[in-house]
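Colleague: I would like a close look at one part of this model. Please start with the chain as a whole, then zoom in.

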Amino acid sequence: MAEALPCATLSRALTEPQYGTASRVRGWVLLEQAGPWGREAVTESRLDRDLARALDRSATAAHLRLLLIRRPAARATDQPRACFVAHTSRRDRWLERRLLDDPAELLELDMARVVAGERPGFGEEATEPVYLVCTNGRHDRCCATYGRPLALALAASHGDLVWESSHVGGDRFAGNLVCLPGGHYFGRVGPADADRVVALHRKGSIDLDHYRGCCVDPTVVQAAEWFVRRRTGLLGTGDLDLLGRDRLEDGLEAVRFRRPGGGALRVLLRVSRTADPRPLTCHSLRAEPPHVFDLLELAAEPAP
């Protein structure tokens with residue numbers, strides 16, 4: 001029996017759109033942990049087992065995304081480890097950094113407050129963004145196949161801003177890149193594309209060809225944002241301000257954005273499932289039909 005195609009290979013072969021696929025996340029903790037990571041990275045790493053379980057339970061209870069990070073190609077050391085705490089929402093986005101002598105210091109952090117957007121003062125405010133490249137090959141082989149070359153390429157051009165990370169979601173879109181504190185997700189980023197995507201982002205602009213969406217929004221809003229940007233050329237990260245979303249009948253959704261200089265844009269989408277189920281990860285036990293977003297109308301309106 002023929003072996004199934006890797007999920008990223010299959011997704012590329014099917015020319016599956018990437019827009020509207022970013023995970024929705026409000027609170028983040030990034031903990032430096034070198035060495036190997038298992039499929040469940042936090043609890044299957046070289047972290048103390050009891051500490052790992054306690055941190056994993058706290059993050060799950062708070063609905064916070066806890067990721068392990070490491071320097072590309074770095075070896076384990078006994079030096080203080082970096083830790084980042086971030087919040088991503090339309091109301092506020094921020095990033096704090098702290099060096100930990102002992103990862104157990106993270107037990108002091110109120111993760112629920114981070115998700116709620118309250119700055120915990122756990123570390124100093126970070127003045128530069130963080131760029132995460134998922135390389136967790138034990139979670140999905142595609143993350144290693146596409147993520148590791150991407151991480152090395154970005155580290156060569158952007159140095160300390162770049163970290164390998166554990167699973168961020170969307171294995172089939174590897175190499176995956178997440179930018180914090182903005183919350184922007186990019187997929188199918190190769191070494192040749194890497195510098196351009198990050199250079200544009202640092203200037204406040206979106207590389208739309210690789211854009212999956214922003215984690216502050218539901219997937220339908222992410223898809224609507226992509227269509228607006230594609231039609232209007234509004235590529236600035238702050239160009240579109242969400243005004244509202246209306247769920248209509250028969251899978252229709254209306255999303256409205258305020259545009260720069262006044263006025264609004266209304267996007268009408270149909271949300272459905274593809275008629276072609278397929279494995280969404282390399283570990284999928286069953287085929288699933290991904291969402292499909294069809295643009296029906298994009299119209300200008302007066303600002304409210």
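How many Å² does the accessible surface of the chain come to, and what percentage of it belongs to carbon and sulfur atoms? After that, take me through helix α2.

Modeller: Keep in mind that this is a predicted model. The accessible surface of the chain comes to about 14,200 Å². Carbon and sulfur atoms hold 47% of that surface. The C-alpha trace spans about 55 × 55 × 35 Å along its principal axes. The radius of gyration is 19 Å, which agrees with the value near 19 Å for a compact globule of 304 residues. Buried residues make up 50% of the 304. Take the contacts with a separation of 6 or more: 67% of them join residues 24 or more positions apart. The chain has six helices and 14 strands.

Now to α2. This helix runs over residues 49–62, 14 residues in total. From first C-alpha to last, α2 reaches 20 Å, close to the 20 Å expected at 1.5 Å a residue.

Look at the start of the helix. Asp48 caps the N-terminal end of α2. One of its side-chain oxygens lies 3.2 Å from the backbone nitrogen of Asp50. At the other end, His63 follows α2. The phi of His63 is positive, near 60°.

Next, the two sides. Buried here means under 20% relative accessible area. The general rule is simple: an α-helix has 3.6 residues a turn, so residues three or four places apart point the same way.

Arg70 is found in β2. Arg70 is buried, because its relative accessible area is 13% and the cut-off is under 20%. A polar atom of the Arg70 side chain lies 2.7 Å from the backbone oxygen of Gly35. Leaving out residues up to four places away in sequence, Arg70 touches Gln33, Ala34, Gly35, Pro36, Trp37, Thr135, Arg148, Trp163 and Glu164.

Technical notes: Residues numbered from 1 in each chain as written. Predicted model: local features only at pLDDT ≥ 70, side-chain atom pairs only at ≥ 80, totals over all residues. Heavy atoms only, no water. Helix = DSSP H or I, 4+ residues; strand = E, 2+ residues; numbered from the N terminus. Expected span 1.5 Å × (residues − 1). Polar contact = N/O pair within 3.5 Å; in protein donor to acceptor, adjacent residues only side chain to side chain. Buried < 20%, exposed > 50% of the residue type's maximum accessible area, 1.4 Å probe, protein only. Contact = heavy atoms within 4.5 Å. Rg over C-alpha atoms; globule rule 2.2 N^0.38 Å. Areas by Shrake-Rupley, 256 points an atom, 1.4 Å probe, with all protein chains shown as cover.
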